[in-house]
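Subject: Two-chain model, handover and notes

Dear colleague,

Here is the model for your files. My notes on it follow below.

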Amino acid sequence: MANLDDLYREIILDHYRSPRNRGELAPPAHRTEGFNPLCGDEIVVYALVENGVLSDIKLTGHGCSISQSSSSLMSSAVKGKSLEQVRETIATFKELMTAPEGTSDGAVENSSSDVNLRRLGELAALAGVVKFPVRIKCATLAWNTLTQALDEISA
Amino acid sequence: MTRFDPRLVRGDIPLMNRVINGRPITYLDSGASSLTPRSVIEAMDRYYQNHHANVHRGVYQTANEATAIYEGARDSAAHFLNAPGGSEEIVFTKNATESFNLLARSWGAHFLRPGDVVLVSEMEHHANIVPWFQLRESHGIEVRFIPVGDDFRLDLTNIEELMRGVKLVSVSAMSNVLGTINPIRELADLAHAHGALFAVDGAQSVAHLPTDLVALDADFMIFSAHKMLGPTGLGVLWAREEILKSMPPFLGGGGMIKDVSTDGFTPASGPAKFEAGTPPIAQAAGFTAAVRYLEGLGMDHVAAHEKDLTGDALTRLALEFEGRVRVIGPADTEARGGVISLDVEGVHPHDVAQVLDQFGVCVRPGHHCAKPLMKRFGLAATARASYGPYSLVSDTDVLLEALTHAVEMFG
């Protein structure tokens, strides 16, 4: 049985109560909006890319603790990284949010994900979300919005 | 049943035996869909076991039985609603949303002209908004909204002005978010005084308040079976017989025609004109059983019971949470039904519902398909608890226990 503590880890509640990198960035920072039409969650990503590096990122918006803490954790994880590293982190996180087939307990039990978890650092706190399938879209909203922002910037 | 007892009703609901996350289920989502009594399930089962056949024009025994079951559901609906013209005024659809689309595409598209106004309210479900917007795009009608006041009731201050050019007033009898019971008889009179027709969204009211179409004096009423202890897949459009006769068909196909040739078709008369294709026959069997069940309980008893539950919950929410949990809806139980939308300070409705689920409590987070209303009150979502005839004070106990946990967890 999925336990509520797997979902609401202390790190998640901390990032929900005190979100990091919250606010707006003026142009030339790129602005991208993300919506979850099902629950009304809304996220705006401001991304500043300089010389192939995501030199600054800020977020605004509203939503549940999972979507808000995930966006806060994401911003801490990707700020100052090269675009290549950012894309890698996004891919690793998205992998974490995909439960391996045939196991109900999710990615945490998966051996290949152990590597991912170490690489993800604080982000690993979100690993429990995968046990609550309807909340996965909450956790991935910010990440999908950032992906869209990077695609728009490189287009 | 001579005396209404919610504990006996609960005993009739097999799903009440479910255990969720180690706790007995606390079902507080009847506003989205009500739970199903055993007699309703058995009626559908009996149909499939003994009478299953397609309806109409069959000559053999079971086909006649299936037809009798299906047409009998029309009689049940007419009796339950006290429809002035009887069963010929009952059209079956697949849900209340389809009934609204039927109303807009058949009556609306045929009778409304560019510039004609359909007046709805700010507290309507999307089902009573979007089909009119679609008609605005295709036929150039205007859609106007009766505002909702800070007291969560319709603000009728400027109603005379709003009524200008109105051909149809379409308003819910009870809000699916606020619980507000609207003055529908007053609105029906107002509509008629201005030469307009009046439609009622009864989706939330039919299972929780007595309905009397003769006393109401409306022209259309719409609801669905699954919110009144019946099965999913069956909706109702009631309309006055003379209006139904004047309306063109909705969907085309088998069952809705009198004649078809290579030159064209002549539509069937009566409700069949609007019921193309094989209808929901098993659901009709279940619907009749649900209506009988509710009639057995007595809708006035159901309403009184849910009013007690709501009053108790509102008092305790105010006492135990001292403002940390805000009810988005009227405080006066005379003006509302058992739909309680909650805004918990500092806790997103999805998180509220997630924590409540851990206690086996089923509530609905979200915008409840009423985004204009949510915007009106500056909310993205609420967590909504809603009662049914099987609800008990002990359900409220568990709700409050789980809410306390949610508040502490995020506080």
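In chain A, what share of the contacts with a separation of 6 or more comes from residues 24 or more positions apart? The figure is 68%. Please keep in mind throughout that this is a predicted model.

Chain A

Chain A has 155 residues, and 40% of them count as buried. Its secondary structure consists of 6 helices and 3 strands. Read from the N terminus, the order of elements is α-α-β-β-β-α-α-α-α.

The 3 strands make an open antiparallel sheet in the order 1-2-3. Strand 1 (30–36) and strand 3 (53–62) of chain A are the edge strands; each has a single partner strand, so one side of each has no neighbour in the sheet. On average, neighbouring strands of this sheet are turned by 20° against each other, direction ignored.

The details of the pairing are as follows. Strand 1 of chain A is joined to strand 2 (residues 41–50) of chain A by 7 bridges, in the antiparallel sense. Within this pair, A:His30 is opposite A:Ala47 of strand 2, and A:Phe35 is opposite A:Glu42 of strand 2. The hairpin of these two strands has 4 residues between the strands, and A:Gly40 in it takes a positive phi near 85°. Strand 2 and strand 3 of chain A also run antiparallel and are joined by 9 bridges. Here A:Ile43 has A:Gly61 in strand 3 as its bridge partner. The hairpin of strand 2 and strand 3 of chain A has 2 residues between the strands, with A:Asn51 at a positive phi near 50°.

Helix 6 (residues 136–154) of chain A lies across strand 1, strand 2 and strand 3 of that chain, and runs at about 145° to strand 1.

Chain B: domains

The domain assignment divides chain B into domain 1 (6–30 + 299–410) and domain 2 (41–296). Their C-alpha centres are 28 Å apart. Domain 1 of chain B puts 23 residues into the contact between the two, and domain 2 of chain B puts in 22 residues. On the side of domain 1 that touches domain 2, the elements giving two or more residues are helix 11 (299–321), strand 14 (339–344), helix 13 (371–376) and strand 17 (382–386) of chain B. Helix 11 of chain B has the largest share of that side, with 5 residues. By residue class, the side of domain 1 of chain B that touches domain 2 of chain B holds 12 nonpolar, 6 polar and 5 charged residues.

Nonpolar cores

The largest nonpolar core has 126 residues, and the members that touch the most others are B:Phe198, B:Phe220, B:Ile222, B:Trp238 and B:Ala290. Helix 10 (residues 281–297) of chain B is the element that gives the most to this core, with 11 residues. Domain 1 and domain 2 of chain B each contribute at least three residues to this core.

Leaving aside residues up to four places away in sequence, B:Ile222 touches B:Ala96, B:Ser99, B:Phe100, B:Ala199, B:Asp201, B:Gly202, B:Ala203, B:Val236 and B:Leu237.

Where the chains meet

The contact between the chains takes 13 residues from chain B and 12 residues from chain A. On the side of chain B that touches chain A, helix 12 (349–358) and helix 14 (393–410) of chain B each supply at least two residues. Helix 12 of chain B gives the most to that side, with 5 residues. The side of chain B that touches chain A is made up of 5 nonpolar, 7 polar and 1 charged residues.

Is helix 12 of chain B enclosed by the rest of the structure or left open? 9 of its 10 residues are buried, so helix 12 of chain B is largely enclosed. The buried residues of this helix include B:Pro349, B:His350, B:Asp351 and B:Val352. After helix 12 of chain B comes B:Gly360, with a positive phi near 75°.

Regards

How values were computed. Residues numbered from 1 in each chain as written. Chains lettered and ligands numbered in written order. Predicted model: local features only at pLDDT ≥ 70, side-chain atom pairs only at ≥ 80, totals over all residues. Core = buried A, V, L, I, M, F, W, Y, C linked by C-beta atoms within 7 Å. Buried ≥ 20, exposed ≤ 12 C-beta atoms within 10 Å, placed from the backbone. Domains from an automatic or database assignment. Contact = placed C-beta atoms within 7 Å. Nonpolar A, V, L, I, M, F, W, Y, C, P; charged D, E, K, R; others polar. Pairing = 2+ DSSP bridges. Axes fitted to C-alpha atoms, helices over the stretch in contact; angles between N-to-C directions.
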